[in-house]
Amino acid sequence: LRARLRHGSILVPSWRRDVTLPEDIIEEVGRMINYNTLPITALQGAIVAPPKNHLYALKEQLRDLMITAGFDEVTLYSFYGPQELKGFALEGKPHYELVNPLNPDQAMLRQSLLPRLVQAAVKNLARYDTVSMFEIGTVFKMSGAFPQQDMRLYALTTGKDSLLRMLGVLHMIIDHMGVDRARCMIQEEGNEHCIVVDSVVVGRIDAVFPAILTPYDIKTPMA
């Protein structure tokens with residue numbers, strides 16, 4: 001190694017750029033005295049299980065339930081552009097925007113998974129009669145200098161009974177996750193259904209508005 005000691009510090013030669021950490025010095029000493037001469041010592045200490053990641057466990061549980069219900073999982077872009085928001089409630093609302101987007105339709109951080117999910121469904125309807133897909137991903141809400149990042153589950157299915165099917169999936173999720181039905185209620189207003197738990201709206205089931213599908217020349221009902 002050809003290192004020197006000075007005031008309790010080890011000075012490493014300039015040509016030994018691979019020696020940058022204390023562990024590198026220990027490795028060099030081990031080579032000099034021969035690793036085989038070091039006593040074999042068993043590892044000591046208690047093995048502690050890592051704390052449970054409740055968000056990860058929830059995502060895995062929801063993912064399994066959606067797949068069991070016959071939905072395909074998709075992973076879509078976290079960005080969209082003004083063109084993708086036409087017909088959606090988010091159209092015209094402020095978003096966090098990229099300074100140098102790869103292209104105009106990836107200029108804004110998404111506040112909803114639905115625009116890209118509808119696009120994916122439309123593309124798949126060119127090959128299949130019906131489509132059922134879901135995504136578990138992050139949305140980026142306006143919140144000062146930095147976005148508020150929330151995890152969301154969005155699902156979409158097509159067909160004349162799509163709204164009824166989504167309601168059936170909702171009841172399956174409620175049953176399997178052990179949600180007390182006394183705390184949970186579904187408020188219905190036309191084609192919109194709000195899921196309320198302890199007086200807090202935690203989700204919605206809607207029919208996709210025809211105005212959203214008009215640019216795609218799609219008449220298949222979606223929910």
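## Salt bridges

A salt bridge is a side-chain nitrogen of Lys or Arg within 4 Å of a carboxyl oxygen of Asp or Glu. By this rule, the structure has ten salt bridges. The model is a predicted one.

Glu 28 is buried, because its relative accessible area is 9% and the cut-off for buried is under 20%.

## A network around Arg 16

Some of these residues belong to a wider set. Arg 16, Asp 18, Glu 27, Glu 28 and Arg 31 are linked in a network of salt bridges.

Where does Arg 16 lie? Arg 16 is in the loop between β2 (9-11) and α1. Is Arg 16 buried or exposed? Arg 16 is buried, at a relative accessible area of 18%. Along the chain, Arg 16 and Ala 3 are 13 residues apart. Their C-alpha atoms are separated by 9.5 Å.

## Bridges between separate elements

Arg 63 and Glu 73 form another salt bridge, with 2.9 Å between the closest N and O atoms. This pair links distant parts of the chain. Arg 63 is in helix α2, Glu 73 is in strand β3 (residues 72-73), and ten residues separate them. Arg 63 is buried, with a relative accessible area of 17%. Glu 73 counts as partly exposed, at 34% relative accessibility.

Glu 135 and Arg 110 also meet through their side chains, in a salt bridge of 3.3 Å from N to O. Glu 135 belongs to strand β6 (residues 132-141), while Arg 110 is in the loop between β5 (108-109) and α3 (114-125), so the pair ties together parts 25 residues apart in sequence. Both Glu 135 and Arg 110 are buried.

## The mixed sheet: β3, β6 and β7

Strand β6 is part of an open sheet of three strands. The order is β3-β6-β7, and the pairing is mixed. At the edges stand β3 and β7 (148-157), each pairing on one side only. How many bridges join β6 to β7? Ten bridges join β6 to β7, and the two strands run antiparallel. Within this pair, Phe 140 stands opposite Gln 149 in β7.

Two helices lie across strands of this sheet. Helix α2 lies across β3, β6 and β7, at about 150 degrees to β6. Helix α3 lies across β6 and β7, and runs at about 30 degrees to β7.

## The antiparallel sheet: β8, β9 and β10

Another open sheet has three strands in the order β8-β9-β10, with antiparallel pairing. The edge strands are β8 (184-189) and β10 (200-205); each has a single partner strand, so one side of each lacks a neighbour in the sheet. From one strand to the next, the twist averages 25 degrees. Helix α4 (residues 162-176) packs on the sheet and touches β8, β9 and β10. The direction of α4 makes about 140 degrees with that of β10.

Now take the pairs in turn. Strands β8 and β9 pair over six bridges, in the antiparallel sense. Here Cys 184 stands opposite Val 197 in β9. β8 and β9 form a hairpin with two residues between the strands, and Gly 190 takes a positive phi near 70 degrees. Strand β9 (residues 192-197) and β10 pair over five bridges, also antiparallel. His 193 stands opposite Ile 205 in β10. β9 and β10 form a hairpin too, with two residues between them. In that turn, Asp 198 has a positive phi of about 55 degrees.

Why is β9 largely enclosed by the rest of the structure? Five of its six residues are buried, so β9 has the rest of the structure around most of it.

## A nonpolar patch on the surface

Five residues form a nonpolar patch on the surface: Val 29, Met 32, Ile 33, Tyr 35 and Leu 38. Together they have about 480 Å² of accessible area. One of them, Tyr 35, is in the loop between α1 (22-33) and α2 (54-68). Tyr 35 counts as partly exposed because its relative accessibility is 44%.

Conventions
Residues numbered from 1 in each chain as written. Predicted model: local features only at pLDDT ≥ 70, side-chain atom pairs only at ≥ 80, totals over all residues. Heavy atoms only, no water. Pairing = 2+ DSSP bridges. Helix = DSSP H or I, 4+ residues; strand = E, 2+ residues; numbered from the N terminus. Axes fitted to C-alpha atoms, helices over the stretch in contact; angles between N-to-C directions. Contact = heavy atoms within 4.5 Å. Patch = residues over 30% accessible without salt bridge, like charges linked within 9 Å, V, L, I, M, F, W, Y side chains within 5 Å. Areas by Shrake-Rupley, 256 points an atom, 1.4 Å probe, with all protein chains shown as cover. Buried < 20%, exposed > 50% of the residue type's maximum accessible area, 1.4 Å probe, protein only.
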